[in-house]
Amino acid sequence: MTERWDAIVIGAGHNGLTCAAYLGRAGRKVLVLERSSTVGGMAGMRRFAEGCSVPGCAHLLYHLNPRVVADLELQSHGLRLAASHLPTVALDENGGHLTLTERSVDGPGISPQQRAVYAAFMDRLRRFAAVLAAAGETRPPRLVSDQWRDYLTLAALGWKVWQLGRDDMRELMRIGAINIFDVLQEEFDNPLLKGALCLDAVLGTHMGPRSPNTVLNFLHRLAGQTGAGVAVADGGMQGVISALERAAVARGVEIRVNTAASRIVTDADGVTGVELASGELLACRMVLSSADPKTTFQRLLGPQVLDTGFNRRIHNLRMRGTAAKLHLALRGAPAFRGLDAAALGGRLLIAPSPDYIELAFDAAKYGAGSEHPAMEITIPTVHTRALAPAGMHVLSAVVQYAPAGLRGGWSADAKAGFMERILTQLARYAPGIREQIVSAELLTPADLEAEYGVTGGHWHHGELALDQFMMLRPVPGAAQYAAPIPGLYLCGAGAHPGGGVSGTPGRNAAQAALAGGLRR
Ligand SMILES: Cc1cc2nc3c(=O)[nH]c(=O)nc-3n(C[C@H](O)[C@H](O)[C@H](O)COP(=O)(O)OP(=O)(O)OC[C@H]3O[C@@H](n4cnc5c(N)ncnc54)[C@H](O)[C@@H]3O)c2cc1C
């Protein structure tokens, strides 16, 4: 080992880049290692057909943390929004679609009374989500601690909850641990509206609408939508990633792509460096890993340096990905029955009812892909023309449910069969779509694991559930970003407050590492 770095960040996904930029801003000498040939990870772009690119996974901005944008001056590094406050269209097979915005719902069968209930319901859930958003801004507190900081964080959180007032506090406690299906049953009668809200509560999870923790996931999704609602960056997700990359490089960070870390090197006192797949050893004072917790602890660190209890917790961490990604290159814009072309820039959902989604999930519970999958569809070329040649469009869809551990595995036949079911479903809503397809790609969770190095291809690098949340995320012993090995930190979606393109875990981890000080 010759050169020595203050910090090596493993992974140049958006959290790794954010973390590195914060460390660079604090004057640390930082190196980022990325196994693939491009930066961005699951928020990166992907060329899948001649002249056509799409967001590889994340296609919509929900959570981008305004503090990250301000601290890292992302706007001066080129970040612009192409669209904000995007509406959601709950697609109906016969063209009777509903349009949902942050406080309004419109469409056939929606009464003025249901409209008012929707506005009040979303306002209330947004107030709950604001508590979650505040909790996401800091390192989760330790429940038993000798540090005043932990008690201060707990007190601040308690204060936020108390500020909700008696009625809201009681309601938060009542619905927090039940499921989205039961909550929506109490409020609404329209199946299409309930289906759309249910999909928001289960996207990226191994849960159906009747599963516990779905209210938590719904609130997590809302928590980020404070400023711009659901948004798209100029240039798509590449706009966010390029700005983060520039911000990191401007703060002296070095980024090496095509450079996989194969081992985190330790001695009796903690972390000493990183070994590359090539065998080269790089010395450093701390390592911040944005690889998922299983990859970090089981593969890069190795169970021999961790105690049995911790290894068991990591082994038991639930991260079964069930979201697949569909990419289509299309001759012309798709025509959804009864949908105005101007609405193609929004979020289009195939989630006709809660029961439809629950049945789709039932298959995944038993290791099969859904017969009738649910989908979140975007047409990125509406906002970024350059993603496809003139006259063409690209379609990007998150498809649920395609379980990582498919019974029999994701063979070519299994993939082709699932693709056929997706296209059959799509064609019910957009009858001419098959004839428009120039090229198609389906990435199952197994493909996502291979492509992005994320165990199970999981959206959040680990299920977002009360037992894997805040001071329990990813597991006790590593929930304050610091791992049990001195000098090792987690800085990716597997850490608090979880996944989505926010930059928050990266920012919080950098702050925890800086507070921990440089070792040796
Ligand atoms: C299908 C799908 C759709 C999604 N859609 C959305 C969406 O619309 N909006 C949204 O906000 N979120 C969405 N998400 C979630 C979001 O993409 C992720 O939560 C987020 O991108 C995670 O960022 P990260 O930086 O923590 O991790 P990652 O993006 O996974 O980055 C980790 C990086 O580490 C690298 N790496 C791993 N191991 C090593 C190693 N040994 N050496 C070097 N490098 C390594 C990987 O190559 C990768 O680049 C979606 C996720 C999925 C799966």
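Colleague: Why is C57 called buried?

Modeller: C57 has a relative accessible area of 12%. Buried means under 20%, exposed means over 50%, and partly exposed lies in between, with a 1.4 Å probe and protein chains only. The value of 12% is under that limit, so C57 is buried.

Colleague: What sort of model is this, and how are residues numbered?

Modeller: The model is predicted, so local features need pLDDT of at least 70 and side-chain atom pairs count only at pLDDT 80 or more, while totals for chains, interfaces and linings use all residues. Residues are numbered from 1 along each chain as its sequence is written, and side-chain values use heavy atoms, with hydrogens and water left out.

Colleague: What makes H327 count as buried?

Modeller: Its relative accessibility is 0%, so H327 counts as buried. H327 sits in strand β14, residues 323-331. Strands here are DSSP runs of E with at least two residues, helices are runs of H or I with at least four, and both are numbered from the N terminus.

Colleague: What joins the side chains of H327 and E441?

Modeller: A polar contact of 2.7 Å joins them. The term means a pair of N or O atoms within 3.5 Å; within protein, one must be able to donate a hydrogen and the other to accept it, and residues adjacent in sequence count only if both atoms are side-chain atoms. A polar atom of the H327 side chain also lies 3.4 Å from the backbone oxygen of P55.

Colleague: Which residues does H327 touch, not counting residues up to four places away in sequence?

Modeller: Among them are R46, F48, V54, P55, G56, L395 and E441. Contact means heavy atoms within 4.5 Å.

Colleague: What makes E358 buried?

Modeller: E358 has a relative accessible area of 10%, so E358 is buried. E358 is in helix α12, residues 354-365. Leaving out residues up to four places away in sequence, E358 touches G208, P209 and R210.

Colleague: Now helix packing. Why are α3 and α6 called oblique to each other?

Modeller: Helix α3 (residues 112-136) and helix α6 (residues 180-187) pack at about 135°, with their axes 11 Å apart. Axes are lines fitted to C-alpha atoms, for helices over the stretch in contact, and angles run from 0 to 180 degrees between N-to-C directions. Under 35 degrees counts as roughly parallel, over 145 as roughly antiparallel, 65 to 115 as roughly perpendicular, and the rest as oblique. An angle of about 135° falls in the rest. The helices are therefore oblique. Q114, V117 and F121 of α3 meet V183, L184 and E187 of α6.

Colleague: What makes α3 and α5 roughly perpendicular?

Modeller: α3 and helix α5 (residues 166-176) pack at about 85°, with axes 11 Å apart. That angle lies in the 65 to 115 range. The two are therefore roughly perpendicular. From α3 come R124, L125, R127 and F128, and from α5 come D167, D168, E171, L172 and I175.

Colleague: Which backbone value marks E73?

Modeller: E73 has a positive phi of about 50°, although it is not a glycine. E73 is in the loop between α2 (66-71) and β5 (81-83). Its relative accessibility is 44%, so E73 counts as partly exposed.

Colleague: Which bond joins R473 and P474?

Modeller: A cis peptide bond, with omega about -10°. P474 lies in the loop between α15 (445-452) and β19 (488-490). A cis peptide bond also joins H496 and P497, with omega about 5°.
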